Amino acid sequence: MRGCRVARSSIVLVDGRSGAGKTDYARSLAETTGAQLVSIDEVYPGWDGLDAGSAHIYRYLLTPLLAGMPGSYQRWDWAHGTHGEWRTIAAGTDVVIEGCGAIRRDAPGQVTETIWLECPEETRRQRAMDRDGALYRPHWERWARQEDRFLRIHESDETADRRVWGE
């Protein structure tokens with residue numbers, strides 16, 4: 001339609017392995033740009049949910065926003081192990097999406113930028129344990145196997161527009 005303008009969002013995807021510093025980096029980026037921050041950590045359906053959380057964000061949030069429509073995502077209630085409330089993001093909202101699985105092989109070409117955070121494993125593990133302690137410790141290897149599988153399929157680290165190296 002002539003004269004009809006689609007509300008387009010600036011969407012930045014920030015990915016990296018657990019403990020790489022994604023959340024801090026994405027939070028700073030969102031504050032600097034005024035974008036809405038969305039963490040996939042809120043969406044993963046449990047400790048085996050990397051693939052499902054990533055797919056959910058793409059289907060319900062990223063794809064609609066890129067089409068100029070409102071997007072949404074359903075939070076995971078970690079305390080009860082069930083799906084929680086839905087959150088909606090208005091069309092045209094600038095968004096930074098961060099988390100393991102943010103960059104997929106099928107990432108639409110219209111996203112503004114994809115950023116991969118790289119950090120040594122020892123540092124990542126220490127950060128994760130400092131952050132989540134006893135809660136995460138029994139799941140570190142389990143989650144790392146999911147990250148390995150996801151990276152083999154999606155090559156997120158290789159296809160990112162930019163790599164940021166941490167300490």
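**Pockets, a cavity and a helix pair**

I began with the second largest pocket: the largest share of its lining, three residues, comes from α1. Helices here are DSSP runs (H or I, at least four residues) and strands are too (E, at least two), numbered from the N terminus.

Before going on, I noted that this is a predicted model, where local features need pLDDT of at least 70, side-chain atom pairs count only at pLDDT 80 or more, and totals for chains, interfaces and linings use all residues. Residues are numbered from 1 along each chain as its sequence is written, and side-chain values use heavy atoms, with hydrogens and water left out.

Back to the second largest pocket, which holds about 170 Å³ of space. I listed its lining as G19, A20, G21, K22, T23, D24, R127 and R131. Both α1 and α3 supply at least two residues each to that lining. Sorted by class, I get one nonpolar, three polar and four charged residues. For the classes, Ala, Val, Leu, Ile, Met, Phe, Trp, Tyr, Cys and Pro count as nonpolar, Asp, Glu, Lys and Arg as charged, and the others, Gly among them, as polar.

I wrote down how the spaces are found, on a 1 Å grid over the protein atoms alone: a cavity is a set of points where a 1.4 Å probe fits but cannot get out, a pocket is an open set with protein on both sides within 12 Å along at least five of seven lines, and lining residues have an atom within 4 Å of a point. Points are joined across faces, edges and corners, and a volume is the space filled by probe spheres set on them.

Next I looked up the largest pocket, with about 350 Å³ of space. Of its 16 lining residues, D41, W47, W78, R131 and D132 are the closest to the centre. Here α1 (22-33) and α3 (121-136) each give at least two lining residues, and α3 has the largest share with four. The classes come out as seven nonpolar, four polar and five charged.

How many cavities of 30 Å³ or more does the structure hold? I found one. The elements giving two or more residues to its lining are β1 (11-16) and α4 (140-154). α4 gives the most, three residues. The space in this largest cavity is about 60 Å³, and among its lining residues are D15, L50, W116, E147 and F150.

Then I turned to two helices: the axes of α2 (residues 50-66) and α4 come within 9 Å and cross at roughly 55 degrees. On the α2 side I saw L50, D51 and S54 in the contact, and on the α4 side W143, Q146, E147, R149 and F150. Contact means heavy atoms within 4.5 Å.

Last, I checked confidence (pLDDT, from 0 to 100 for each residue). The chain's mean pLDDT is 91, and 95% of its residues reach 70 or more. Residues 1-5 have pLDDT below 50, and beyond near neighbours in sequence this stretch has zero contacts in the model.

Definitions and conventions. pLDDT is the predictor's confidence in each residue, from 0 to 100. Axes are lines fitted to C-alpha atoms, for helices over the stretch in contact, and angles run from 0 to 180 degrees between N-to-C directions.
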